[in-house]
Every structure is written in C-alpha cells, then in structure tokens.
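The structure comes before the text.

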Amino acid sequence: MLNVITNINSNFDLSIVSSLADKILNFPFGSVAVFNGSGESDRNLLIATHTDKPHFVCTSVNGNGTAKASLIGEMDSRSCANTLVYSDTGVSAVLYVTGDGESASYELDLGAKDKEEAEKLVKTGDVFRCETAVKHLCADKVTAPHLSVSAPVTALVKLCKILHEAPPSCKVYVAFITEGQHALSGYAPAASALDASQAICVGAVDVTSAPDVKLGSGAVVRLSDRRFGSDKPTSDSLVDAGAVPAVLTKGTCAAANTQSVGVPSAQLDIPVKNINTHTEIIDLNDICKAADILYSICK
Amino acid sequence: MFDLDLLRTLATTDAPSGFESAMRDVITTQLNKLGIRSSVSPDGSVAAVIPAKCASKGKLMLQAHTDEVGFMVRSHTDDGFLKISPLGLRDTRLLTGRRVTVLGKDENLNGFIGAIPVHLSKDGKKVPSYSDLYVDIGADTKAEAEAAAPLGCAGCFKSDFETFGTDGAFIKSKALSGRAACAVLLTLAEHFSSEENALPYDLYFAFSPRGKLSLSGGAALYTRLRPDCVISVTSFEIPSDESIFSHRGVSVPLFEEKYTFDLSVAGQLKDALGSSVKIEVTAPTPSADECEFDIIRLKSAGAKLCAVKLPVKNRNTACEVMCRDSVDTACDLLKNALPQLSFM
C-alpha cells in the first residue's frame, strides 16, 4: 500500500528524490528535481506542488501563561479547536479557538502557570503544526490533517520514481514549492525562473465542488474556477491521459499563478473530502492515478 | 476617425476568456494587412512591433485585452440543458433570457439562458445564482447535449452590434469594453506603420488573453517584452445613475484606490489634446475589477504604467453601450501624444 508522505513542511528537502533526479536545483521559492529526458521533445515541462502546510504562529504570550497564535493558510477553525499542536522545538499545546471564519482567534494552552513559565517554552514567531499521523479507513481511504498538501507531494515523489526508471521525452522540472500557504505565491516565480513552456500544478479539490469529483474516481483536471481558465491543449492532454474534467464555480488554484506569467498551464487535483479540516480524507488510488497521468504527459 | 466596421468585426467575434483564438485570428489578419509582423505566445497573447524610424530611444507598449465575459459548461441535466459556470461573469441578474453562443464540439451553437420562471419560483424576488440558471441549446436528452457541447465548452453572449442616437453617436454590443480598446490599438497600428508617422522609439502592441479572469493577462507580455513604459487601453464603468451623455471623452486616471499611475506620462497624455476635447481625469470606481487586477500585476512587475480608459455603460453584459466619440478621442489622444511622449 502507498505510504502518504506527511513529514513535510516549508523546509522540505529533496533527499527522498535527490538520488532519482538528474539534478537538484534550490531556489528561494523551493526545490526542483530536474529530469533531462531523452531530448525527443524541446518542451520544458514544469510539474509543481507546494509542500508547506497550514500552521499556527505564536504572536504573543499572555499574562496567564497561554499564548496567542495566528493561522497561516486555510483551515476550518472549527475543526482544529481543542486539538493538540506541536512546535518545531518539541513543545506541545492545546489549541483553543474562539469565533469562526475570518474572525476566529487562536490561543495555545501550554500548561504553563504564568507568563514567565510560558516564555521559557515559546517565543513570538514559533511555529505550531497539527499532528500528521495518517489513520486508515475502509478500503484505500485514509484520513489526516493536511492531506490536501501531503497527497500531491506524494504523487510527485511517485512521479519522480517513475521518471527515474523510464526517462521522459522532454525536460521535466518537478518543483516542490515552499510558498503555497501565502496565496500560492511561489508558483509564478518557479514558472519564470525555470523558463517553463508548459506547467501542470498539482493540488487538491473538495469532493463537493463538482458532480464528477469523487473519492476514488481519479485525479481531476480543473477546466476553470473563479479566477482560472485552463490552457485547453494542456487540459485536453490530461483528460486524454485519464483525468476527470471538472468545472468549478469557486476557489482559485496555483495554475492561475503560472498562467499569469505567460506559461500555458493546467491544474490537476486530487479529490479530498472535508478539505481544509482536521479530518481530510483521500483515496490512495487517486494519488497513484495522478502520478500515472502526469507520467503520460511527460512521455 | 476609427473604422466602425473593424469594431463591429471585433465586437461580434466570440472569444470568451481562455478561448480567444477567433480574436487572435482577426487581430493577426488585420496586422498582416498593415504589413506588421506579429507573434503569438504559447499563452495566446499577440504581440507586434513597429520599429523606431532610426536609432530607438526606448520601448513603449500599448496593451489591450482580447477576451470577453462568458461561461463554461459545467454539467448536463437529464432534460438536455447545460449547467454553467462563469468565466468573468459576475452579475446574474441580467442573464435570464439572454441569447448565447456556445462554442460546441463541432460548431457554434445558438442557445439561450433560462431559469425557473418567477411565478414558479419559491422566491421570485431572489437574484438567481448560477445553480438556478441553465443554457438551452435545443437538445432533448443529456446524451444529445453532451455530444454537442461537452463539459468544458465555453460560451458567450450573442448580441447584435448596433448604433443608435443622433447620427449613430452611440454603440451597443456585447464585449465593447475590451474590443473598443483593441480597435484603438489597431487604428494606431495603421497610423504609426506609415513611414511619415514612424516614432523615435519601438512601439509594441500587446493583445492579452484572459483579462476577465483576474489573475491573468498583460503582465506576462510585459515580463517578456520588458518595455520602458506601458499604456493600458481599457475601460471603466459609467455609474448607473449617470448618463452616457456626460461621458463622451476618455479618462486618464492619475491615481486609483490601490495604485498611482506614472504622473509624468499621464500628465503628458492629459495635455496632448488641449482643452478642445474633453478628457476626464478622474479616479474611476474604487472597486477592483478584472482590469484593475491586471494593472496591479503590471505595477508589481515594475512597469511604468499609465492607462487610457474608455467609458462604457453596462460593462460585462450583453448590452454594453458607449459613445463613438470616445473611441475617436482615444485614437486622437494617442496619435497626438505619442510622437512627443517622453517616458525614459
């Protein structure tokens, strides 16, 4: 069974794929595994996803020993209330949430008796993350927080393994972007810096967003959403490779950013149930299908 | 005076956001007629250049968008109707009953937008949402509709191009806001392509796709061509409580809510025609719309930027209205201003 790679965040290093790629490039926007290809095609294909997950940043320590925090990224505040979060320095805290939506405020209960004790544990700027353990449900479905980030990363790592064994016809840049939670801002610099002639951004889509988007139905090519219209030849080739076409009425996606710098782009999404909650659910088969579809395009 | 037939051709060409190939063909054909070579980028932008008459003193880019608002087929009902999702369309109040063209699998299809009739609706006063609307192309079954207009097909308004008012002073059509800007650029291309009007700098013409999808557009061409200055020819909405008669010129904005334009270039444009022609220098509606998003992107890419805005009533509907004078004013303004323009 496929293992979902969950131990990722903004300082994702490419050790898992460095031995597979022809070259590793590091940029301020993230890291790129380069596959030179056989040279039959002069395309420079960019396949990108982001590795940073929604997280909480400590903004101040309160007099009573708790700490205020801000949410970076999108997450349903109701779903993460009263859950455990962990800092990169090994501190655990219970996350309290008051309010809802954009007016939600977050507080970290560190178990400290006063401000002095709390300040020994955390300081402003410390990052707290949700647990990432994957729990198996029936059939090939799994649940965990942030699968909408982990699943695309897993698909791209799987793609790297396939590309290592069967080199592509064109040059392929598999990019792991570290600026996803900040308005997907790392994608456009990646498309520009790598001089991509075509881009496929890989992300996640909620199962309620279109009629044909279902867990286990395979990866979805987003033909349009509120701010994005796919490059037709690119999305057609994804559909020919087996992706499920879908037209969304809401949301925005990374491919809009690569498209905005003039690179013909399409968005391939993995269906996720309960997206942006503590209990996202995916079907592992969709990850495999996404990797296979992406390889078809590289071929 | 600009060529009204050219604007008619441009405005009646069906090119919703992301599906601008028909507009690209019209523009490249027109540029070819003028002997101006053009190139099409992979993202669908059309770029052309008229080189400087001698050693170039820089690069100026004139920019307009080629697309129009439209919709995409999202799913099919058992009755053979198409459920749709917007491509830049925002206001659903004016959609019901509108004629549309669907860019079908094999051919363009006529259709109209329907909705649950008011007298059968549970809440007749409610503004319909996209889930309430459908496009009827005359298909009887889901299979027939899927075969003719598969998921992902685009469509746009079907609306006649008409002139009205004294001496046909006003124009009504779909897609006028973007296509009038394209007509201005093509008129200027014709003017500056003649040897006697050649400029002391390279003049680029940029026709950008996906302007109605707010994260895309002209910034890509800016990044590729790296001009020293950009003049974006675009439009602004005449407020609903103001008459079109009071907006017969063009607007050269100096600042708007989220950004300032290059005051030196804007000032030169403002002064170019003197006081004989009304040129409004205003801060149009502060709400960010699709053109403004593109301007923000151009600004953030580092462009020295100025805008010439054409006043349009009922923007992004099937019945956009504007003065013919406004297009002429924009052409005259730029014809007069560009030879003396200092932007380096």
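A:Lys113 counts as exposed because its relative accessibility is 68%, and the cut-off for exposed is over 50%. The model is a predicted one. A:Glu117 has a relative accessible area of 30%, so this residue is partly exposed. The two residues form a salt bridge in which the closest N and O atoms are 3.6 Å apart.

**Salt bridges**

Side chains of opposite charge can pair when their charged atoms come close. Over all chains the count comes to 13 salt bridges.

| Pair | N to O distance | Burial |
| A:Arg222 and A:Asp225 | 2.9 Å | both buried |
| B:Arg179 and B:Glu68 | 3.1 Å | both buried |

In chain A, the salt bridge of A:Asp225 with A:Arg222 has its closest N and O atoms 2.9 Å apart, and both residues are buried.

In chain B, B:Arg179 meets B:Glu68 in a salt bridge at 3.1 Å, N to O. B:Arg179 belongs to helix H4 of chain B, while B:Glu68 sits in the loop between strand E3 (59-65) and strand E4 (70-76) of that chain, so the pair ties together parts that are 111 residues apart in sequence. Both B:Arg179 and B:Glu68 are buried.

**Chain B and its helix H2**

Chain B contains 8 helices and 19 strands. Of its 344 residues, 58% count as buried. Among the contacts in chain B with a separation of 6 or more, 77% are between residues 24 or more positions apart.

Helix H2 of chain B spans residues 21-33, which makes 13 residues. From its first C-alpha to its last, H2(B) reaches 18 Å, close to the 18 Å expected at 1.5 Å a residue. Which residues of H2(B) are buried? They are B:Met23, B:Val26, B:Ile27, B:Thr28, B:Gln30 and B:Leu31. The cover over these buried residues includes helix H1 (4-12) and helix H4 (176-193) of chain B, together with strand E1 (38-40), strand E2 (46-50) and strand E12 (202-208). Helix H4 of chain B is also where B:Arg179 lies. Just after H2(B), B:Gly35 takes a positive phi of about 75 degrees.

**The interface of chain A and chain B**

In this interface, 27 residues of chain A are in contact with 21 residues of chain B. The two chains bury about 1,900 Å² between them, and 59% of that area is on carbon and sulfur atoms. A:Arg227, A:Val247 and A:Ser260 supply 31% of the area that chain A buries against chain B, more than any other three residues.

How many salt bridges does the rule find across the interface of chain A and chain B? The number is 0. Polar contacts between the chains number 5 residue pairs, with both residues at pLDDT 80 or more.

On the side of chain A that touches chain B, at least two residues come from each of strand E14 (220-225), strand E15 (228-229), strand E16 (244-247) and helix H6 (254-260) of chain A. H6(A) gives the largest share, 4 residues. By class, this side of chain A has 11 nonpolar, 10 polar and 6 charged residues.

Key. Residues are numbered from 1 along each chain as its sequence is written. Chains are lettered from A and ligands numbered from 1 in the order in which they are written. This is a predicted model: local features need pLDDT of at least 70, side-chain atom pairs count only at pLDDT 80 or more; totals for chains, interfaces and linings use all residues. Side-chain values use heavy atoms; hydrogens and water are left out. The expected span of a helix is 1.5 Å times one less than its number of residues. Buried means under 20% relative accessible area, exposed over 50%, partly exposed in between (1.4 Å probe, protein chains only). Contact means heavy atoms within 4.5 Å. Buried area is the accessible area (1.4 Å probe) that two parts lose on being put together, summed over both. A salt bridge is a side-chain nitrogen of Lys or Arg within 4 Å of a carboxyl oxygen of Asp or Glu. A polar contact is a pair of N or O atoms within 3.5 Å; within protein, one must be able to donate a hydrogen and the other to accept it, and residues adjacent in sequence count only if both atoms are side-chain atoms. Ala, Val, Leu, Ile, Met, Phe, Trp, Tyr, Cys and Pro count as nonpolar, Asp, Glu, Lys and Arg as charged, and the others, Gly among them, as polar.
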